[in-house]
Structure formats: C-alpha cells, structure tokens
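Here is a short briefing on one protein chain. Keep the sequence and the 3D view open while reading.

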Amino acid sequence: MVEFKLPDVGEGMHEGEISKWLVKEGDQVKQDQPLLEVQTDKVNAELTSPVSGLIKKIMFAEGETAHVGQTLVVIDNGSASEVAATALMSKPEEVVEQTQERSKVRPSALFDRALATPYVRQLARELKIDIELVSGSGPVGRVTEEDLRAFLANGQVQSKVEKEIVTPPAVAVDKKKPSSAVTLEEKQMEERIALKGVRKKIAEHLVKSVSIIPHVTHVDELEMDSLKALREKWKAVAEERGVKLTFLPFFIKALVIALKEFKTLNASIDDSTQEIVLKNYYHIGIATDTKDGLIVPVLKNADKKTIYQLAEEISELALRAREGKLTLDEITGGTFTISNVGPIGGLYATPIINHPEVAILGLHKMEPRMVVRDWEGVIRLMMHMSLSFDHRLIDGVTAVRFTNRIKQLLENPDLLMMEMV
C-alpha cells in the first residue's frame, strides 16, 4: 500500500483545499496519472500518482482542507505492506502504531480538525454544534450526519466554551410558531456561500497585508495626450507583428526607470530579521481579473524587454490567468505590482499592497477633462494614478517624488524613449 501525502507545492505552503478529485475509489491508475487538483494560497496544483495501482481509499472530500504531510489517498500498488510502509514512512513502526490508534482516537487528535464532508459541516453549523466535540464513527473517524444527530439527542449543542461565556437573554417563546419555521424564513431572506478556494486565499492574503503594513495612498493626475499619440503611431506596426499594443507596456517602462532611481520602492521588509531587502531585479506583477478572483501573474525582468516584448508577454500571461493555466513560477517572485482598473472605470482607488512588496501602483480611467493650461481652460486626456506605499519604509515625500518621475516620463514619451536601456 502507498499513502500519498500532500506535498509542499508552494513557497512555505502549509495547507491546500481539495478542489477536485479526478479519480474515485476502485479506479486503476497509472504512475504520473493526475489524481486531484489542490488549491493553495498561490496556485491551483494538479497532483499526480507516484505509483500505478488501485485507488483504495480517498481520505478527503472535495472542499475539505488538508495540511502538508497528511495522507490524501491510499493506493494499492500490489507490493507487500512492509515494503510499502518502508518506502513511505521514515519509521515503519509508526505505521503500525498509527493504524492501531486511529481505531480508537478521534481524527482531531491526529489532525488539526475533525474530518467531515462539507455537507456535514454545514449541517453542524445549522444545528449549532461544535463539530470538533463530536466523535466520528465514519471511516478513519470521519464525523457523519448520524453522529451529529446522536450528539444533538444527548443535548450537547454548544461547545463548552460557548456555554460558559454566552448567557442567552430571556426571550418569550411563541408556542404557536414552530422554531423550524423561523429558521426557514430567515434562510429565505439571505444566501450563505462558503468562503473557500481562491476567494478565501485572497481574503487571507489581504487581511495579512493590511494587518502588517501601515498603508498610505498618494494620488496624482497625468496628461496622456502625447503618450496616446505615440501609441497610435506604432499601433499598426505592432499589429503587423501580431502584438496588441496597449498603454500598459509604456507604464511598465516608466515604472522600472523610476524604481531604479528610488530603490526603496522595489524592496521588501524581512519581518523575521528586521532587514530591508533592496532588489536589483524588476519582476512586475499585473493584477488580473479572472472568473476565480484576482490573480497576479508576474512579468519577469521587465527592465530587459522591449515595448513589443512586454506587450506580447502581458497578453499571454493575462490569457493564461483567465484560463487558470498559470504555473507557480508565473505568479511568484514579484517585486512591485500594478493594478490597472482604468478599462473598467471609476475615478481612483486606494489599492492594497501585495505583501511582502512595499508599494502598488493603481492606474485609473483615462478620459477627456477640462484643465487649465497657461491660464486658459483646455480639454486634455487625463488619468489618475494612485500609489499605496508602506509607510514603515517609504516617506510621503519619497512617494511624491517617485510618482512625479513616472508622471514626467509618461507625459513626455520622447524623454521615456531616451531613458530606455
């Protein structure tokens, strides 16, 4: 038997959510055949079988979360159990001991949480049962619906902690109105969707970023007529080369020039060692809207690529992001992030920094607006630009000088071309 355990497929990954099983118990699989898809906080990973054999036991249901090192599936590869145990476990005697203990110890003692299907977990919440207090009678101690019913029949509804802390207020009960009817009415007034998958990971990452980084946002306004003229001039040439020339490659070029001059903007803070890490490479993350949520593919070595190369790579990364085909390498290692929400609309926003980076640039809607030039009102193509920065490392005056430099380059594209490497 082979116990296939959840590996660390990411940088510092601790757990993964089982997105989809590609096999079922009883299936014959071949070595390297895809077994399941796992959603980590960075990427969707497809895990393949380490051996050929029969799927004997699947340990986690879709939607459940497994920790690194926990067994996901047991595969019967026809080898002797002693041999399999030696191959999979560092200490064979631990296998025997663990197997014996599982029959009498609740899984939460072995794992960090009780084993249960999403349906049972939802039912536990509706019945106000702390599932961690329920002894499971299912396979490997999995908590079943019957276990919940039995737990409820014994009058053990709330957790011990809740019972000690919460004192329910006295409420007059309308004996004519069944309590179940109230619950049904409440359910019809709202919809509850489990926070999971990519959305859950996004939420966790943003909470971490805001919790650690003192955010400050600076906003400026850019005149884009000259850059628009330059783009229109070369747009047809780009199309002949099969490249869609947007404004974004020009923004990235101006950004990289400014990052080289203001090194603290292309940096991170190592919280464990209390060190500032200045980076002499320029990997630019591009926040991309996908059906699964916000994904940030990383454009590597942006300082070494031409406008055409940047345009082509941006298009490819965006397509792969929307198709969910990005690799771990393509979404990690960024040094600075751009959030381009201009095509969608809005005046300006205050984007949250992509931790551990120290700043993020927001690009907003471009539109003709009346402005004053030489004491006269004229119409110009205007755009807002917002910079959220980590105030632990970057002072306000530095942030303003940084955006001033980007503004200078974008409003004077001839200067931008002259500054390019």
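What percentage of the residues of the protein chain count as buried? Of 421 residues, 41% do. The model is predicted.

**Whole chain**
- The protein chain holds 13 helices and 18 strands.
- Its accessible surface is about 23,600 Å². Carbon and sulfur atoms contribute 53% of that area.
- Take the contacts with a separation of 6 or more: 62% of them join residues 24 or more positions apart.

**Four-stranded sheet**
- This sheet is open, and its four strands run in the order β1-β8-β6-β3. The pairing is antiparallel.
- Which strands stand at the edges? They are β1 (2–5) and β3 (28–29). Each has a single partner strand, so one side of each lacks a neighbour in the sheet.
- β6 (residues 53–58) pairs with β8 (residues 71–76) over four bridges, in the antiparallel sense.
- Within this sheet, I55 has I75 of β8 as its bridge partner.

**Six-stranded sheet**
- A further open sheet has six strands, in the order β9-β18-β17-β16-β12-β15. Here the pairing is mixed.
- Its edge strands are β9 (215–223) and β15 (298–299). Each of these pairs on one side only.
- β12 (residues 284–286) and β16 pair in the parallel sense, over three bridges.
- G285 stands opposite T337, a residue of β16.
- Helix α12 (residues 396–411) packs on this sheet. The helix touches β9, β16, β17 (359–373) and β18 (376–390). The direction of α12 makes about 25 degrees with that of β9.

**How strands pair**
- Backbone hydrogen bonds are what pair the strands of a sheet, either parallel or antiparallel.

**Loop residue E330**
- Where does E330 lie? It sits in the loop between α11 (307–322) and β16 (336–340).
- Is E330 buried or exposed? E330 has a relative accessible area of 19%. The cut-off for buried is under 20%, so E330 counts as buried.
- Which residues contact E330, leaving aside its neighbours within four places in sequence? They are V296, P297, V298, L317, R320 and K325.
- Two of these names link back to elements above: L317 and R320 fall within the 307–322 range of α11. V298 falls within the 298–299 range of edge strand β15.

Methods
Residues are numbered from 1 along each chain as its sequence is written. This is a predicted model: local features need pLDDT of at least 70, side-chain atom pairs count only at pLDDT 80 or more; totals for chains, interfaces and linings use all residues. Side-chain values use heavy atoms; hydrogens and water are left out. Helices (H or I, at least four residues) and strands (E, at least two) are DSSP runs, numbered from the N terminus. Buried means under 20% relative accessible area, exposed over 50%, partly exposed in between (1.4 Å probe, protein chains only). Contact means heavy atoms within 4.5 Å. Two strands pair if DSSP finds at least two bridges between them. Accessible areas come from the Shrake-Rupley method with a 1.4 Å probe; for residues, only the protein chains shown count as cover. Axes are lines fitted to C-alpha atoms, for helices over the stretch in contact, and angles run from 0 to 180 degrees between N-to-C directions.
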